[in-house]
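Subject: Structure handover

Hello,

Here is the structure I said I would pass on. Please open it next to this message and follow the notes in order.

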Amino acid sequence: MNLRFKDGIEFLNYVKEEDLYSSLIKQISKDFELANVDLMVTKSINPKELTSLIQEKIYVLLLEKFDTYLSLMYIIDIPENDFKSLDSSDIVDISKKVSFLVLQREFKKVWYKKQYS
């Protein structure tokens, strides 16, 4: 599965088309909870709000709770090579790119569960 999208909103619209959006929200909530990161996600959250919420949370974690950020990335299981490919020194840009990586990785988990269960 090698999908290319320009941003998180476009990606989440694809997830909705695949009818996996609610499963994705559950997976994101679960992994953030495992990392003790409070992410107030409702079932009715739209893709734009979800993208913004994750980006804001990543931004805060990068600035204020870097150990928690690392723990979250470990729990979500973002590949190290993906971090190495981030090419920005702007924290806002980095948080946007990392939030997109989070969405993609969480979707892969949900997609594989659907395919193999």
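A residue counts as buried when its relative accessible area is under 20%, as exposed when that area is over 50%, and as partly exposed in between. Keep in mind that the model is predicted.

Start with S99, which sits in helix α6, residues 91–115. Its relative accessible area is 2%, so S99 is buried. Leaving out residues up to four places away in sequence, S99 touches I54, Q55 and I58.

Next, the nonpolar core. The largest one has 32 residues, and those touching the most other members are F32, L50, I54, I58, M73 and V102. Two or more residues come from each of α1 (8–17), α2 (21–34), α3 (47–64), α4 and α6. Helix α6 gives the most to this core, with 8 residues. For F32, the contacts beyond four places in sequence are V37, L39, I54, K57, L72, I76 and V102.

Then look at how α4 (residues 66–76) lies against α6. Their axes come within 10 Å and cross at roughly 30 degrees. Angles under 35 degrees count as roughly parallel, so α4 is roughly parallel to α6. On the α4 side the contact is made by Y69, M73, I75 and I76, and on the α6 side by V98, V102, R105, E106 and K109. Sorted by type, the residues of this contact are 6 nonpolar, 3 charged and no polar.

Now the aromatic rings. There are 3 aromatic pairs in the model. One of them joins W111 and Y112, with 5.1 Å centre to centre and 75 degrees between the planes, which is edge-to-face. Ring pairs link W111, Y112 and Y116 into a cluster. Is Y112 buried, exposed or partly exposed? Its relative accessible area is 38%, so Y112 is partly exposed.

Last, Y21, which is in helix α2. With a relative accessible area of 8%, Y21 is buried. Apart from neighbours within four places in sequence, Y21 is in contact with L12, V15, K16, I45, N46, P47 and L50. Y21 and S44 are 23 residues apart in sequence, and their C-alpha atoms are 10 Å apart in space.

Those are the notes for now.

Regards

Definitions and conventions
Residues are numbered from 1 along each chain as its sequence is written. This is a predicted model: local features need pLDDT of at least 70, side-chain atom pairs count only at pLDDT 80 or more; totals for chains, interfaces and linings use all residues. Side-chain values use heavy atoms; hydrogens and water are left out. Helices (H or I, at least four residues) and strands (E, at least two) are DSSP runs, numbered from the N terminus. Buried means under 20% relative accessible area, exposed over 50%, partly exposed in between (1.4 Å probe, protein chains only). Contact means heavy atoms within 4.5 Å. Axes are lines fitted to C-alpha atoms, for helices over the stretch in contact, and angles run from 0 to 180 degrees between N-to-C directions. Angles under 35 degrees count as roughly parallel, over 145 as roughly antiparallel, 65 to 115 as roughly perpendicular and the rest as oblique. Ala, Val, Leu, Ile, Met, Phe, Trp, Tyr, Cys and Pro count as nonpolar, Asp, Glu, Lys and Arg as charged, and the others, Gly among them, as polar. Rings of Phe, Tyr and Trp (its six-membered ring) pair if their centres lie within 6.5 Å; planes under 30 degrees apart count as stacked, over 60 as edge-to-face and the rest as tilted. A nonpolar core is a set of buried Ala, Val, Leu, Ile, Met, Phe, Trp, Tyr and Cys residues joined through side-chain atoms within 4.5 Å.
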